[in-house]
Amino acid sequence: MENNKDMTSSYITTCVLNAFLSYTAVTLNCLTIYALTKVSSLPRPFKTLLLSLAVSDLGVGLMVQPSYIATLVMEKEQKTENNPAYNISDQFLRFTLNLFGFASFLGVTFLSLDRFLAVYLHLRYQELVTHKRVSATVISMWAFSAVLSFMRLWISAQILYIIFVIIYIFFLLLMTALNYKIYIAVRHHANQIQASLQAITAQNSGAEMRYAAAASRRTFGIGALLIYLAFSICYLPNVFALIIFLFSPTGTSRGFFDLFSLTLLFLNSTLNPLIYCWKLRQIRQAFINVLRSMRVNSLIMRCC
């Protein structure tokens, strides 16, 4: 009886948290998408990757979390057996979670790869990382996510989760290696900035340009590192939950860790736009401009 009460409170807490996070994910990512369309100073390949990530995070808040809440409510009310509404909600949840979850997962991976190339290629970056190539990569990424979503119609859940775990671990290791390299480069650029500041103090010609370039690479590198850290914290529990599922008996009901891991995964869709806004001055300023215009419009409507 005590365990049943604990699970009831866990379901209620999870539904309330996801309702709040759904609202914040939709609001913040809509603002991010609008802000990115207004920003012209960011490199186009980087901007395209950010837009793709914001769209996938918007999909999580707009479609995945509401269906997750509906599924949890029907599960708790034990309205799952021979219930068409539950079957539709559960199928929709699984499809959208795989689609937008993997699109977001791959989006962070390619964002790390883009920042790695920007940090290490320097002048060759613009030559090799073109907008056309990045656009083709983004289209392929979404197509791959769609294929993974449809695969559950053809193969068993057990095999599908094994595939998911392998993909998760492979790309997490790849991202870890890329971000470690970015971290080393950021430390090197911090030393460059310090040296440039000393050179500027000594009125060394050309030092200001070197300082600006090093500072820009450092800012983009730190932004990518923060997105990776938030991503790892939010996604790793879900990877462990999938591994636990593979070794658990079939038909096992949701437990505390399952509820916690999915909610933490969804939290990532709210954290990403906050990180953009914090670390990227261009997006932060566009955010402020949008909020100011919304406030002005609200005041005009009240006066009218």
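Colleague: What share of the residues of the protein chain counts as buried?

Modeller: Of its 304 residues, 45% count as buried. Buried means under 20% relative accessible area, exposed means over 50%, and partly exposed lies in between, with a 1.4 Å probe and protein chains only. This is a predicted model, where local features need pLDDT of at least 70 and side-chain atom pairs count only at pLDDT 80 or more, while totals for chains, interfaces and linings use all residues. Residues are numbered from 1 along each chain as its sequence is written, and side-chain values use heavy atoms, with hydrogens and water left out.

Colleague: How many helices and strands does the protein chain have?

Modeller: Nine helices and zero strands. Along the sequence the pattern reads α-α-α-α-α-α-α-α-α. Helices (H or I, at least four residues) and strands (E, at least two) are DSSP runs, numbered from the N terminus.

Colleague: And what percentage of the contacts join residues at least 24 apart?

Modeller: Counting contacts between residues at least 6 apart in sequence, 80% join residues at least 24 apart. A contact means heavy atoms within 4.5 Å.

Colleague: Let's pick a helix. How far apart are the end C-alpha atoms of H5?

Modeller: They are 30 Å apart. H5 covers residues 131-151, and at 1.5 Å a residue its 21 residues should span 30 Å, so the two values agree. The expected span is 1.5 Å times one less than the number of residues.

Colleague: Which residues of H5 are buried?

Modeller: Val134, Val138, Met141, Ser145, Leu148, Ser149 and Met151. They cover an arc of only 160° around the axis, which puts them on the same side of H5. The arc is taken from the directions from the helix axis to the C-beta atoms.

Colleague: What exposed residues sit on the face turned away from that buried side?

Modeller: Lys132 and Ile139 are the exposed residues carried by that face of H5.

Colleague: Switching to charges. How many salt bridges does the structure hold?

Modeller: Two. The criterion is a side-chain nitrogen of Lys or Arg within 4 Å of a carboxyl oxygen of Asp or Glu. Asp90 pairs with Arg94, with the closest N and O atoms 2.9 Å apart. Asp114 pairs with Arg115, at 2.6 Å from N to O.

Colleague: Where do Asp90 and Arg94 lie relative to each other in H3?

Modeller: They are four residues apart in H3 (residues 84-121), so about one helical turn separates them.

Colleague: Which residues make the nonpolar surface patch?

Modeller: Leu236, Phe240, Ile244, Phe257 and Phe260, over about 470 Å². Helix H7 (207-246) and helix H8 (256-279) are the elements that give two or more residues to the patch, and H7 gives the most, with three. Patches are made of residues with over 30% relative accessible area and no salt bridge: like charges are joined within 9 Å, and nonpolar side chains (Val, Leu, Ile, Met, Phe, Trp, Tyr) within 5 Å. Leu236, in H7, is partly exposed at 34% relative accessibility.

Colleague: Last one. What does Asn18 touch?

Modeller: Gln65, Tyr68, Ile69, Thr263 and Phe266, not counting residues up to four places away in sequence. Asn18 lies in helix H1 (residues 2-38) and is buried, with a relative accessible area of 0%. Its C-alpha atom is separated by 8.7 Å from that of Gly61, 43 residues apart along the chain.

Note on methods. Accessible areas come from the Shrake-Rupley method with a 1.4 Å probe; for residues, only the protein chains shown count as cover.
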